[in-house]
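I opened this model to take notes on its fold. My entries below follow the order in which I looked things up.

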Amino acid sequence: MSAPKSTPDPLDVPPMESLRERIGAIDEHTVDLLYGLEPVFEPDSGDAALGAYVEYQCPYCCEIIGTSVDLTDGSRSYIEDCQVCCQPIALSLQVDARGDLQGLEAERAD
Ligand SMILES: [Zn+2]
């Protein structure tokens, strides 16, 4: 077994030439890839103690409604108007002892 001769010798490429190629390859898109990695929105960034974003189906118009709920008060029920059809929806929030959302029920309140 002899070493393959097709492997290019790294010393064949002048350092400056290789550097210029790399600089030339960095366009706006590449910069975005390099520096645009920070997520704008973090759904699970420790917000469990304050509230949560939930989605439920409106019992009147069957639209999926997204809303923020306050989990600091524990389990409770309250009325929220549908953002689409403005009908009153009775929301039942189930929160466990750790303040984590266990469930959400949406029923007609009329
Ligand atoms: Zn509705």
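These entries go from the overall layout to single residues.

**Entry 1: confidence**

I noted at the start that this is a predicted model. I looked up the confidence next. The protein chain averages a pLDDT of 79. I also see that 60% of the residues score at least 70. Which elements have the lowest and the highest mean pLDDT? Helix α1, residues 15-25, has the lowest, at 67. Strand β4 has the highest, at 95.

**Entry 2: layout**

I counted two helices and five strands in the protein chain. Along the sequence I read the pattern α-α-β-β-β-β-β. I then checked burial. Of the 110 residues in the protein chain, 5% are buried. I looked at contacts too, taking those between residues at least 6 apart in sequence. Among these, 32% join residues at least 24 apart.

I went to strands β1 (51-57) and β2 (64-70). They run antiparallel, and seven bridges join them. For a landmark I picked Tyr53, which stands opposite Ser68 in β2. The hairpin has six residues between the strands. Cys62 lies in that loop. I checked its backbone: Cys62 has a positive phi of about 65°, although it is not a glycine. Is Cys62 buried or exposed? I counted 9 C-beta neighbours inside 10 Å, so Cys62 counts as exposed. The cut-off for exposed is 12 or fewer.

I moved on to β3 (residues 76-81) and β4 (residues 88-95). These strands pair in the antiparallel sense over six bridges. My landmark here is Glu80, which stands opposite Ile89 in β4. I found six residues between β3 and β4 in this hairpin. Cys86 sits in the loop between β3 and β4. Cys86 has a positive phi of about 65° and is not a glycine. I looked up its surroundings as well. Cys86 has 10 other C-beta atoms within 10 Å, so I list Cys86 as exposed.

**Entry 3: the nonpolar core**

Which residues make up the largest nonpolar core? I listed six in all: Ala52, Leu71, Ile89, Leu91, Leu93 and Val95. The largest share of this core, four residues, comes from β4.

**Entry 4: after β5**

My last stop was Ala109, in the segment after β5 (101-108). I counted 16 other C-beta atoms within 10 Å, so Ala109 is partly exposed. What does Ala109 contact, leaving aside its neighbours within four places in sequence? I found Ile79, Pro88, Ile89 and Ala90. The C-alpha atoms of Ala109 and Asp81 are separated by 9.7 Å. Along the chain, Ala109 and Asp81 are 28 residues apart.

Key. Residues numbered from 1 in each chain as written. Predicted model: local features only at pLDDT ≥ 70, side-chain atom pairs only at ≥ 80, totals over all residues. Pairing = 2+ DSSP bridges. Buried ≥ 20, exposed ≤ 12 C-beta atoms within 10 Å, placed from the backbone. Contact = placed C-beta atoms within 7 Å. Core = buried A, V, L, I, M, F, W, Y, C linked by C-beta atoms within 7 Å. pLDDT = per-residue confidence, 0-100.
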